[in-house]
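Visitor: I would like to know what the terms rest on here. Can you take me through them?

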Amino acid sequence: METRLGFSWRILVVLAAILAGIECGVVAEKPRGNRRHAYASMMYMGTPRDYEFFVATRVMMRSLSKLRVDADLVVIASIDVPSRWLRALKEEDGVKVVRVENLRNPYEKQDNFNSRFKLTLNKLYAWSLVAYDRVVMLDSDNIFLQRTDELFQCGQFCAVFINPCIFHTGLFVLQPSIDVFNNMLHELEIGRENPDGADQGFLASYFPDLLDRPMFHPPANGSKLDGFYRLPLGYQMDASYYYLKLRWSIPCGPNSVITFPSAPWLKPWYWWSWPVLPLGLSWHEQRRKNLGYNSELLVMLIQSAMYLGILAVTRLVRPSLTKLCYNRKPEKSIALLHASLKVAGIWSIVAAYTVPFFLVPRTVHPVLGLVSLSARLGSSDVDCDQRLFTARTVSSHTMARESWDLCL
Ligand SMILES: *[C@@H]1O[C@H](CO)[C@@H](O)[C@H](O)[C@H]1NC(C)=O
């Protein structure tokens, strides 16, 4: 009982610490004036991860304004993005929102087509932002370590090769142009070759000889370059390179932007990806400093209170359960009951491991996520029968984690 109470207190203390820490981390953003340059990213709906990308976009945009970039922040949002999200972007984050119709993806029927990339062609709208001299187009899974405004000195199209032969479209520089934009739409119509059916494949096919172009070095006098350039790797440091030495060091060029091109369920904002991808903590540091966790904290507190309540109830019912299981003569029906209780118990334990991944808000801090998970998995010191009872009557989430083999 004491360890249980101690555990519960620890949960509360950690939650309180995070609650107290985030309030002062949130910055109110002033509206920004018109600039000649923009950092832009896109948002669209229809994937299971829309909300996560919304949070990630906010964190990235706020970290850019914290770096005092001399540029507008633009989100190219398809028309079905909820207006309350757009209001948050505009009013709280100081972002300009450009609403667009989704571009039809002509590659949907292609064999290797991955439907999660269906709307990534919306990225081409970046070329329609002709109010700007240059645009840096971004995916929302970038972490900026420092200002990168020198990128606006680059030419008509500049990108990073994180793969020896294919440039990455998580960050690229472009000069907006209606002619280029219309030409790209035309190329979509006539079905230009596109190896992956996404923005990545289309742009690689549209700018096929970028690998042979010179490396970008920003002119010291601040003037803009013309033409096509490769960007140094330091503008798209693949998170997986980090693990070669457990630190970042690209000896040539800047070390400015980290990107996460790995599997979608290992994006840095997921609370469960942190043990695999410690760099996720850097993302959460950015979120804590720039956006905070207020929007998800209430849910987390209610959930934690609920589960602590369930833990308390399972404590209280313990004696009656012991009676149920042992104070009767062994009979066939009881044996059957016992067996089915065991099956129910095992299933509940499996559920206790999997259900939290659907219930805990996905972009909470790893500490919050893991605390919530362990609250669900709590009761690790209860005995087997109690667990079986709990499985049957109270909740599957309070199943003990290491003890199910004892029940067998
Ligand atoms: C700036 O420097 C580049 C070379 O780096 C030169 O070609 C260009 O003429 C200079 N522009 C101005 C305005 O001085």
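Visitor: How do you know that strand 4 and strand 7 pair?
Guide: Pairing takes at least two DSSP bridges between two strands. Four bridges join strand 4 (residues 134–138) to strand 7, so they pair, and they run antiparallel. In one of them, V135 has L174 of strand 7 as its bridge partner. This is a predicted model: local features need pLDDT of at least 70, side-chain atom pairs count only at pLDDT 80 or more, and totals for chains, interfaces and linings use all residues. Residues are numbered from 1 along each chain as its sequence is written.

Visitor: Why is V173 called buried?
Guide: The cut-offs are 20 or more other C-beta atoms within 10 Å for buried, 12 or fewer for exposed, and partly exposed in between, with C-beta atoms placed from the backbone. V173 has 25, so V173 is buried.

Visitor: Which residues is V173 in contact with, leaving aside neighbours within four places in sequence?
Guide: R134, V136, L151, C154 and C158. Contact means C-beta atoms, placed from the backbone, within 7 Å.

Visitor: In what order do the strands of the sheet stand?
Guide: The order is 3-2-1-4-7-6-8, an open sheet of seven strands with mixed pairing.

Visitor: What makes strand 3 and strand 8 stand at the edges?
Guide: Strand 3 (96–100) and strand 8 (228–231) each have a single partner strand, so one side of each is left without a neighbour in the sheet.

Conventions:
Contact = placed C-beta atoms within 7 Å. Helix = DSSP H or I, 4+ residues; strand = E, 2+ residues; numbered from the N terminus.
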